[in-house]
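Work through the exercises below with the sequence and the model at hand. Each task is followed by a solution in steps.

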Amino acid sequence: SGLQVVFAMNLGADLLRIEQAGPAPATGRAYELWAIAEGAAPVSLGLLPSERVTALQLSEAQAQLIKAGVTLALSDEPAGGSPTGTPTGAVLGAGAVQVLTNL
């Protein structure tokens with residue numbers, strides 16, 4: 001089975017909850033998470049922790065990127081993260097942020 005990652009974040013919060021299942025990165029590699037606003041360069045949100053269920057602490061600037069229409073993408077990078085500040089490895093998956101509200 002392939003890698004499956006689910007993200008959830010409370011609006012106004014700076015913790016991105018991550019649940020992942022599937023293969024871990026290869027030795028010497030890491031999964032890096034990116035936020036991509038339309039027409040903008042990808043911004044790294046950091047490396048995915050190795051735990052299956054965890055939370056990633058975002059800076060205020062990073063947290064403000066998580067809004068409807070922004071794409072979250074996951075790439076396979078060297079262990080310390082992308083050396084260039086942009087994705088250099090294979091993109092493993094991507095999906096648009098959806099804002100869910102209780103009516």
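**Exercise 1.** Does Arg17 count as buried, partly exposed or exposed, and at what relative accessibility?

Solution. The model is a predicted one. Buried means under 20% relative accessible area and exposed means over 50%, with partly exposed in between. Arg17 has a relative accessibility of 40%, so this residue counts as partly exposed.

**Exercise 2.** Find which residue forms a salt bridge with Arg17, and say how exposed that partner is.

Solution. Step one: the partner is Glu19, and the closest N and O atoms of the pair are 2.2 Å apart. Step two: Glu19 has a relative accessible area of 34%, which makes Glu19 partly exposed. Step three: Glu19 also stands opposite Val53 in strand 5. As background, side chains of opposite charge can pair when their charged atoms come close.

**Exercise 3.** How many salt bridges does the structure hold? Describe the one formed by Arg29.

Solution. The structure holds two salt bridges. Arg29 meets Asp76 in one of them, with 2.7 Å from N to O. Arg29 belongs to strand 3 (residues 29–36) and Asp76 to strand 6 (residues 71–78), so this pair ties together parts that are 47 residues apart in sequence. Next, take the accessibilities: Arg29 is partly exposed at 32%, whereas Asp76 is buried at 18%.

**Exercise 4.** Which residues of strand 5 are on its covered face, and which on the uncovered one?

Solution. Strand 5 spans residues 53–57. Thr54 and Leu56 make up the covered face, while Val53, Ala55 and Gln57 make up the uncovered one. Strand 5 pairs with strand 2 in the antiparallel sense, over five bridges. Leaving aside neighbours within four places in sequence, the contacts of Leu56 include Leu15, Leu16, Ile18, Leu33 and Leu45.

**Exercise 5.** Identify the residues that touch the most other members of the largest nonpolar core, and the element that gives the largest share.

Solution. This core has 15 residues, and those touching the most other members are Leu33, Leu45, Leu48, Leu56, Leu58, Ile66 and Leu72. Strand 2 (15–21), strand 3 and strand 6 each give two or more residues to the core. The largest share, three residues, comes from strand 3.

**Exercise 6.** What is the order of helix and strands along the sequence, and why can the protein be called as compact as a globular protein of its length?

Solution. There are one helix and seven strands, in the order β-β-β-β-β-α-β-β. The radius of gyration is 13 Å, close to the 13 Å that the globule rule gives for 103 residues, so the protein is as compact as a globular protein of that length. Of the 103 residues, 28% count as buried.

Note on methods. Residues numbered from 1 in each chain as written. Predicted model: local features only at pLDDT ≥ 70, side-chain atom pairs only at ≥ 80, totals over all residues. Heavy atoms only, no water. Salt bridge = Lys/Arg side-chain N within 4 Å of Asp/Glu carboxyl O. Buried < 20%, exposed > 50% of the residue type's maximum accessible area, 1.4 Å probe, protein only. Helix = DSSP H or I, 4+ residues; strand = E, 2+ residues; numbered from the N terminus. Core = buried A, V, L, I, M, F, W, Y, C linked by side-chain atoms within 4.5 Å. Contact = heavy atoms within 4.5 Å. Pairing = 2+ DSSP bridges. Rg over C-alpha atoms; globule rule 2.2 N^0.38 Å.
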